[in-house]
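Please keep the structure open while going through the points.

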Amino acid sequence: MWVNPAAARSLGYSCDQAVGSSIEGFLAPEVQSEFKSYLDRIRRTGFDTGFMRLRDRHGHERIWMYRNIISDDPELPVHVVGHALDVTEQLDAKRALKTLFERAPIAQIELEPSGKLRRINPVACELLGYTAPEIFSFDGSGPPDLADLFRESCLVGDTGKCMRFVRKDGCELHLELFARHIPASNSSPAGIICALINVSDRVRAEAEIRNLNAQLEAKVNLRTAELRRSNAELQEFACIVSHDLQAPLKQVGSILDELGSNSFAEDKSELLRLCRADIERMAMLIDSLLGYAVVSNRADIVARRVPLAVSVQESLMNLASVVASSNAIVNYENLPEVSVDEADFVQLFQNLIENAIKYRGAHNPRIRITASEIQDEWVISVSDNGIGIDKAQCSRIFQAFQRLHGKEYPGSGIGLAICKKIVERTGGRIWVESERDLGSTFRFTVPH
Ligand code: ADP
């Protein structure tokens, strides 16, 4: 009889075009057979409400949410007044969302705020190893992991949480849950959407790495303990050997003295002299070895703040007579305070200064000790104007018994090995920069 512009527009017509047509003609073919029962209903009850599927002018489906009543206007013949809301777009959006949920490539579940499952997508069913009917029939008394999963899904936020889940087939899974609370809207009630990410491979890999690390650490600890033990044994061996060697040496020395005082050995005096010299050298080597073993094996090392200038002064006091007899001039300036063992560092400076004096050239020894700061460590330099060292030999001299100069300079070749030991156990490095006849600069680092 009449149509308002909104109703006509929804179907793609003008009001004039629509007036005079039967509403039945607009119904979607699939529901046309229901038109008669609709008329019966409205005649019987006076009203009807629901969704109506219609076709617009272009053949596209439109869905109306309607509420139609029989008019009671006595002036007009009996007729139906209908109010409808075109909800096609809303339903399309809802359908799209549903499809999105169903076809999402990641496992998702939707819960009611109480934690009851509202829907679950196929990927989630496959991941959890249960069919959807099995999961929906779960009443809380079934598989405990499902109860845990739903409870956790309600509790987590979007920062994620890892949980263990046992599938129906007994396989263990590690799931990361990310949930979001969806507030109620006109079209849907409040709920929780939770994505389930299978992180089992990652968790297993992490566990494996932890396990490997632990094994590695155990191995390192074992090796370190073995090394410590063999080191200690070696030190003990060096001490015993050097102590034990001293006794027969002394014995041989006194026999030689005895022989020397005897007339029969008069013509062999040169041989005796050489013999005595060798024995003295042997005694010195043993002493040095003992010194090295003692320094290496010190158990009472204590690091505390030490001004290096004080260590230098103490070493100079120990070397007072050598310094004086060689007319050496030792300068030191701006030396820092560092955390080291005091006795160690007196010994370190003493060995370096003593060498600088011992390996002096034609001029009086001039020794300069300075410090510079590079990143997180100090570099201490001890320079001399002595005979210098061949560049190619510079690294070898820090090994025990490695000497570059022969009998003209007395020594056992242990001093620098001791320096290296001291520097390294303080966390530093030691090296020398030198050239023959151009003096040497020994440098070592000390951490801040
Ligand atoms: P030693 O002085 O008892 O031989 P060291 O271990 O102290 O043993 O030194 C090893 C070698 O390094 C020395 O024999 C010497 O050849 C060389 N050397 C050490 N310090 C200097 C120096 N300041 N100048 C030149 N050569 C040096």
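In this predicted model, the axes of helices H10 and H12 come within 8 Å and cross at roughly 60 degrees. H10 passes H12 in a right-handed crossing.

**The contact of H10 with H12**

- On the H10 side, the contact is made by Leu 308, Ser 311, Val 312, Glu 314, Ser 315, Leu 316 and Asn 318, while H12 contributes Glu 342, Phe 345, Val 346, Phe 349, Gln 350 and Ile 353.
- Sorted by class, the residues of the contact of H10 with H12 are seven nonpolar, four polar and two charged.
- Ser 311, which is found in helix H10, has a relative accessible area of 1% and is therefore buried.
- Leaving aside neighbours within four places in sequence, Ser 311 is in contact with Val 306, Phe 345, Val 346 and Phe 349.

**Nonpolar cores**

- The largest nonpolar core has 39 residues, and those that touch the most other members are Phe 345, Phe 349, Ile 353, Ile 369 and Phe 444.
- Two or more residues of this core come from each of helix H10 (308-318), strand S11 (337-340), helix H12 (342-358), strand S12 (366-374), strand S13 (377-383), helix H13 (415-425), strand S14 (430-434) and strand S15 (440-447).
- Helix H12 gives the most to this core, with seven residues.
- Phe 349, not counting residues up to four places away in sequence, touches Leu 308, Ser 311, Val 312, Ser 315, Ile 369, Ile 380, Val 382 and Phe 444.
- A second, separate core of 26 residues includes Cys 125, Tyr 130, Leu 146 and Cys 154.

- Helix H8 (residues 200-260) packs with helix H9 (residues 269-296) at an angle of about 160 degrees, and their axes are 9 Å apart.
- Since angles over 145 degrees count as roughly antiparallel, that angle makes H8 roughly antiparallel to H9.
- H8 passes H9 in a left-handed crossing, and the residues of the contact of H8 with H9 divide into 15 nonpolar, seven polar and three charged.
- The axes of H9 and H13, by contrast, come within 10 Å and cross at roughly 5 degrees, which makes H9 roughly parallel to H13.
- Gly 291, Tyr 292, Val 295 and Ser 296 of H9 meet Ala 417, Ile 418, Lys 421, Ile 422 and Arg 425 of H13 in this contact.
- By class, the residues of the contact of H9 with H13 are five nonpolar, two polar and two charged.

**Buried residues in loops**

- Tyr 359 lies in the loop between H12 and S12 and, at 18% relative accessibility, counts as buried, because the cut-off for a buried residue is under 20%.
- Not counting residues up to four places away in sequence, Tyr 359 touches Gly 386, Ile 387, Arg 403, His 405 and Tyr 409.
- The C-alpha atoms of Tyr 359 and Tyr 409 are separated by 7.5 Å, although these residues are 50 residues apart along the chain.
- Cys 394 lies in the loop between S13 and H13 and is buried, with a relative accessible area of 9%.
- Cys 394 touches Ile 389, Val 432 and Ser 434, again not counting residues up to four places away in sequence.
- The C-alpha atoms of Cys 394 and Ile 422, 28 residues apart along the chain, are separated by 18 Å.

**Residues with positive phi**

- Most residues other than glycine have a negative phi, which is the background for the points that follow.
- Asn 327 has a positive phi of about 55 degrees although it is not a glycine, and its place is in the loop between helix H11 (320-326) and strand S10 (329-332).
- At 48% relative accessibility, Asn 327 counts as partly exposed.
- Gln 375 also has a positive phi, of about 50 degrees, and is not a glycine; this residue is in the loop between S12 and S13.
- Gln 375 counts as exposed, at 74% relative accessibility, because the cut-off for an exposed residue is over 50%.

Notes. Residues numbered from 1 in each chain as written. Predicted model: local features only at pLDDT ≥ 70, side-chain atom pairs only at ≥ 80, totals over all residues. Heavy atoms only, no water. Axes fitted to C-alpha atoms, helices over the stretch in contact; angles between N-to-C directions. Helix = DSSP H or I, 4+ residues; strand = E, 2+ residues; numbered from the N terminus. Parallel < 35°, antiparallel > 145°, perpendicular 65-115°, else oblique. Left-handed = near helix turned anticlockwise from the far one by under 90°. Nonpolar A, V, L, I, M, F, W, Y, C, P; charged D, E, K, R; others polar. Core = buried A, V, L, I, M, F, W, Y, C linked by side-chain atoms within 4.5 Å. Buried < 20%, exposed > 50% of the residue type's maximum accessible area, 1.4 Å probe, protein only. Contact = heavy atoms within 4.5 Å.
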